[in-house]
Amino acid sequence: MKAIVISSPGGPEVLQLREVEDPQLRDDEVLIQVHATALNRADTFQRKGSYSPPKGASPYLGLECSGTVLSVGLHVSRWKIGDQVCALLAGGGYAQKVAVPAVQLLPLPPGLSLTDAATFPEVACTVWSTVFMTSRLSQGESFLIHGGSSGIGTFAIQIAKYRGARVFVTAGSEEKLAFCKSIGADVCINYKTQDFVERVKEETGGQGVDVILDCMGASYYQRNLDSLNFDGRLFIIGFQGGVTTQVDLRPLLAKRLTVQGAALRSRSVENKAVIVSEVEKNVWPAIAEGKVKPVIYKSFPLSEAAEAHRLMESSQHIGKILLVP
Ligand SMILES: NC(=O)c1ccc[n+]([C@@H]2O[C@H](COP(=O)([O-])OP(=O)(O)OC[C@H]3O[C@@H](n4cnc5c(N)ncnc54)[C@H](OP(=O)(O)O)[C@@H]3O)[C@@H](O)[C@H]2O)c1
């Protein structure tokens, strides 16, 4: 099969389409003919050599895909050859074929095309497992998403609105904020021109928000604590603003705050199975109802993976970038 190979850690130009061995299918796995895969910010870190695949995972990039089942392992009963599916991957989506544990597959949400389905597994599993399963965002609560126009953000806005939350977002341009508003964000904050702590306080009568989904880490840590309401929950999923900082911890006690973090990719297959099943139960109906829509900025052929990475690193995009083998 053909796959994108990282010739050596570096810039987008190290991504090269090559002929490689087909994946080996294990008994609990399904082999998928990839129809589309979507980029995630983590792919750019892996390309640069700062984010290795977990042990046993495919060496190729790609954390999600959609496609058609080509064959199934001996212990697989739910899926059969010819099924159209999408899947959460630990790697290997930037290829024509990928082998994946059967429990990480999802059926296509009714009404969705095979291409559109590639946009959901990673964002849905990340946001559902953090914001809803762990931080317990509930109807009527307020929720701040940093990077509202990202792949993660555009999904988080829609699912949080669907669940009855009041949604705050930060983004770096008026165009991105306008898009966030068009898909449901209530309070849109330009992080380049406004202080988000001040805006959050203004909009919540001085209280702060109940839950924050953060991809910045160190650079926003203090300001996130300062933006939370009593019993507020901060969930950190990225370190785009660094990993070390000095912080005044007093808000933790004074406001009874909870701070958590998690990475989806390194979780066990058993743990991912629980998340995937919860996503199918809770998120797929929202997609089927048309309340959560795919947000695709641009699609590239697999051979143009380098171009797709350049686009992601330029941060011009809104939503997801796709690769189609
Ligand atoms: N832990 C996990 O399991 C997990 C899983 C998936 C994703 N993630 C993380 O989630 C984040 C989004 O991922 P993605 O794939 O959706 O990436 P993406 O589409 O490339 O988005 C990156 C986002 O970061 C935003 N950003 C940059 N500087 C910012 C700042 N100072 N304040 C607020 N936002 C800022 C960008 O906003 P502007 O363009 O407006 O500057 C952009 O929306 C990444 O950090 C990724 O590593 C974590």
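**View 1. Buried residues of helix α7 (residues 218-227).** Tyr220, Tyr221, Asn224, Leu225 and Ser227 are the buried residues of α7. Buried means that 20 or more other C-beta atoms, placed from the backbone, lie within 10 Å of the residue's own. These residues cover an arc of only 155° around the axis, so they sit on the same side of α7. The arc is taken from the directions from the helix axis to the C-beta atoms. Their cover includes β8 (142-146), α6 (196-203), β11 (209-214), β12 (228-236) and α8 (250-254). Contact means C-beta atoms, placed from the backbone, within 7 Å. Helices (H or I, at least four residues) and strands (E, at least two) are DSSP runs, numbered from the N terminus.

This is a predicted model: local features need pLDDT of at least 70, side-chain atom pairs count only at pLDDT 80 or more, and totals for chains, interfaces and linings use all residues. Residues are numbered from 1 along each chain as its sequence is written.

View 2. Asp43, Gln46 and Arg47 are buried. They cover an arc of only 100° around the axis, which puts them on the same side of α1. They pack against β1 (2-6), β2 (15-19) and α11 (305-314). Glycine 49 follows α1, with a positive phi near 95°.

**View 3. The shell around the ligand.** The ligand is surrounded by 27 residues, the closest being Gly147, Ser150, Gly151, Gly172 and Gly238. A residue counts as near if its C-beta atom, placed from the backbone, lies within 6 Å. α4 gives the most, with three residues. Domain 1 (2-122 + 265-324) and domain 2 (135-261) both give residues to the shell, so the ligand lies between them. Domain bounds come from an automatic or database domain assignment.

Note on methods: Buried ≥ 20, exposed ≤ 12 C-beta atoms within 10 Å, placed from the backbone. Contact = placed C-beta atoms within 7 Å.
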